[in-house]
Amino acid sequence: TPGQIHSIAVLPLQNLSNDPSQEYFVDGMTDELITDLAQIRALKVVSKTSVMQYKDARTPLPKIGHDLKADAIVEGSVLRSGDHVRITAQLIRTATDRHIWAAAYDGDLKDVLSLQARVAAAITNEVKLNLTAEESGRFRSQASTNPEAFDLYLRGRYAWNQRNLQSFKTAIGFFNQAIQRDPNFALAYSGLADSRLLLVLYGDNPAQLSEAKDAATKALAIDPTLAEAHTSLAAVHILHDWDWQSAEREFQRAIELNPNYAQAHQWYGNLLLGPEGRHNEAIAELLRAQELDPLSLIISADIGFAYYLAGDRK
């Protein structure tokens, strides 16, 4: 339909606290909002790594919309004062640079995930999407979290997003502290699994793989709907267990839960489908990853390699 919004980019939320040390918290809120929206099948949501390149940039919104192929953009801000959080958000159509909707939400740190879910639910309501019962249920099921554990988790994700060996180790420290505060915090186990797995992929000790598997399994035992944990477990099944069938099942479940999770499409393509010689499927998954994360250099490199493998085997 003309005018229908099919794709959205959430720009990095602004830190209104005038406190640079709160940057990890604000980036974490951006991340959570993207994750909430990304679970909706009918919506294409641009990946965090691509939108982060516009942090503090003064790029006109129509240009960002064009570069990211997004029909609409979510802009907003976060103000944190002690345990009180205020999130403002606005939805803007990129082609016309016109506001569609704006609102502000206030709450306590322990309820911040349900606050995020309310913002995401309001946005999906504005873009007139028909959600499945499962998708609507996810917005409603956000439980309150231990504020200290959640804060440590966001610090861990902030470090993890720096993507180097030292930052993964720093992230592991924060995730472990979060788990000490709240032993049933699934997101922290998922972060731990991601960190240990990427340490190995970045050249660290392969012994981390069994610990990554333990953490991913624990995360899924607490919350089976975490696409990130299914993705980490899939990679461990390949790199550690040589169990391709289980890996395929985990990748497919991850993509079902979060169709917009670029890393799931990327790893499914280059860790499983490519090596299995299923070149057309591998290229399709990697192209989908690129559509979701258009500015990612590693995904572009993976696509080039996938085409090379496909051509090489003809």
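Helices α10 and α11 run roughly antiparallel to each other in this predicted model, because angles over 145 degrees count as roughly antiparallel. The angle between them is about 165°, and their axes lie 8 Å apart. Helix α10 covers residues 227-239, and helix α11 covers residues 244-257. Their crossing is left-handed.

Which residues of α10 and α11 make the contact? From α10 come A227, H230, T231, L233, A234, A235, H237 and I238. From α11 come W244, S246, A247, E250, F251, R253, A254 and L257. By class, this contact has 10 nonpolar, 4 polar and 2 charged residues.

Helix α10 also packs with helix α12, which spans residues 262-273. Here the angle is about 10° and the axes are 10 Å apart. That makes α10 roughly parallel to α12, because angles under 35 degrees count as roughly parallel. On the α10 side, T231, A235 and I238 make the contact. On the α12 side, the residues are Q263, A264, W267, L271 and L272. This contact has 6 nonpolar and 2 polar residues, and no charged ones.

Now for another pair of helices. Helix α1 (residues 23-38) and helix α4 (residues 112-126) have axes that come within 9 Å and cross at roughly 50°. That makes α1 oblique to α4. The crossing is right-handed. In α1, the residues in contact are F25, M29, E32, L33, D36 and L37. They meet V112, L113, Q116, A117, V119, A120, I123 and T124 in α4. By class, the contact has 10 nonpolar, 2 polar and 2 charged residues.

| Helix pair | Angle | Axis distance |
|---|---|---|
| α10 and α11 | about 165° | 8 Å |
| α10 and α12 | about 10° | 10 Å |
| α1 and α4 | roughly 50° | within 9 Å |

How much space lies in the second largest pocket? The volume is about 360 Å³. This pocket is lined by 19 residues, and P12, Q14, A57, R58 and E75 are the closest to its centre. The lining divides into 8 nonpolar, 7 polar and 4 charged residues.

Several elements share in this lining. Strands β2 (14-15), β4 (72-81) and β5 (84-93) each supply at least two residues, and so does helix α3 (61-68). Which element gives the most to the lining? Strand β4 does, with 3 residues.

Key:
Residues are numbered from 1 along each chain as its sequence is written. This is a predicted model: local features need pLDDT of at least 70, side-chain atom pairs count only at pLDDT 80 or more; totals for chains, interfaces and linings use all residues. Side-chain values use heavy atoms; hydrogens and water are left out. On a 1 Å grid over the protein atoms alone, a cavity is a set of points where a 1.4 Å probe fits but cannot get out, and a pocket is an open set with protein on both sides within 12 Å along at least five of seven lines; lining residues have an atom within 4 Å of a point. Grid points are joined across faces, edges and corners, and a volume is the space filled by probe spheres set on the points. Helices (H or I, at least four residues) and strands (E, at least two) are DSSP runs, numbered from the N terminus. Ala, Val, Leu, Ile, Met, Phe, Trp, Tyr, Cys and Pro count as nonpolar, Asp, Glu, Lys and Arg as charged, and the others, Gly among them, as polar. Axes are lines fitted to C-alpha atoms, for helices over the stretch in contact, and angles run from 0 to 180 degrees between N-to-C directions. Angles under 35 degrees count as roughly parallel, over 145 as roughly antiparallel, 65 to 115 as roughly perpendicular and the rest as oblique. A crossing is left-handed if the near helix is turned anticlockwise from the far one by less than a right angle, and right-handed if clockwise. Contact means heavy atoms within 4.5 Å.
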